[in-house]
Amino acid sequence: MNRLSRRDKIETASNSASLYSGGITIKSPQELMAMRRAGAVVGEVLTLLKRSVEPGMTTKELDTIAYKEIIRHGAKPTFKGYRGFPASICASINEEIVHGIPSKRVLKEGDIIKVDVGATLDGFIGDAAVSMAVGQTSPEATALMDATRLSLEEGIKAARPGNRVGDIGAAVQQFGEARGYGVVREFVGHGVGRFLHEDPQVPNYGQPGLGPLLRPGMCIAIEPMFNMGDWRTRILDDQWTVVTADGQLSAHFEHSIAITEDGPEILTGHT
Ligand code: MG
């Protein structure tokens, strides 16, 4: 869930309770504690989904598992109703990159499934995603997922005070392109807080030293999407599901992180 809309920007701008740096909210220590709690819910949901996924189940069943776990923690599913999105998670299979709608589609041995989870707790949001193999998948698909996950780690390492948003994108892009993957450009990471999509946009490409300055108290979602083939995408007739233009596999990983004096802190950790 990472298209930045005009409406989001207006909502963000009207949120006068928070401090700003160049249009980017700076969370107070209390707000950071709330971000950690919301992120922890997302992490627990992802942990549960990773343990639940198996051949023969539907993506709707995964959505129900996630919904119940979010509610059990006293949180709300951030995506449900977001610009009309009908479910609690995004579930995207194989050539689907992001924003897939959970359905009665049955997962098959060898598929790769990407789940994206958002939870709102006490007014603050956590947002994260993982890619998973359904049963055993091909070595090529495994390598694609591993590279995407590792590129997220590289992006997170670059998210420290004094660096700029371009340092994150450059780290992700270089990691992916060096391994021959198409790095998706049309969908980007984002600031996160009281709103799902805040400033800044956090592209998975960029130039070191360019873009907004990263400061302690900023919270962002970094979310690399790597394609086996070309980076180009298209959107299906359901107006949500983003797929690779060439029909090849794609992988997606995402964490919400806080930038602290000591460096990046992952808010949505899972096991
Ligand atoms: Mg996101």
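**View 1. Glu 254, a buried residue in a predicted model.** We start with Glu 254, which counts as buried, at 1% relative accessibility. Keep in mind that this whole structure is a predicted model. Another glutamate to look for is Glu 223, also tucked away as buried, with a relative accessible area of 0%.

**View 2. The magnesium ion and its protein donors.** Here's what holds on to the metal: Asp 127 (OD), His 190 (NE2), Glu 223 (OE) and Glu 254 (OE) are the protein donors of the magnesium ion, and they lie 2.0 to 2.5 Å from it. Read along the sequence, the donor residues follow the spacing D-x62-H-x32-E-x30-E. Glu 223 sits in the loop between β11 (219-222) and β12 (225-227), while Glu 254 sits in the loop between β15 (250-252) and β16 (255-260), so this pair ties together parts that are 31 residues apart in sequence.

**View 3. Helix α4, end to end.** Helix α4 covers residues 139-157, 19 residues in total. From its first C-alpha to its last it reaches 27 Å, close to the 27 Å expected at 1.5 Å a residue. Which residues of α4 are buried? They are Ala 141, Leu 144, Met 145, Ala 147, Thr 148, Ser 151, Leu 152, Gly 155 and Ile 156. A handy thing to know when you look at that list: an α-helix has 3.6 residues a turn, so residues three or four places apart point the same way.

View 4. How many disulfides does the structure hold? The count is zero. In case the word is new, a disulfide is a covalent bond between the sulfur atoms of two cysteines.

Technical notes
Residues are numbered from 1 along each chain as its sequence is written. This is a predicted model: local features need pLDDT of at least 70, side-chain atom pairs count only at pLDDT 80 or more; totals for chains, interfaces and linings use all residues. Side-chain values use heavy atoms; hydrogens and water are left out. Donors are N, O and S atoms within 2.8 Å of the metal (3.2 Å for Na, K and Ca); water is not among the atoms, so sites may look incomplete. Helices (H or I, at least four residues) and strands (E, at least two) are DSSP runs, numbered from the N terminus. Buried means under 20% relative accessible area, exposed over 50%, partly exposed in between (1.4 Å probe, protein chains only). The expected span of a helix is 1.5 Å times one less than its number of residues. A disulfide is a pair of cysteine sulfur atoms within 2.5 Å.
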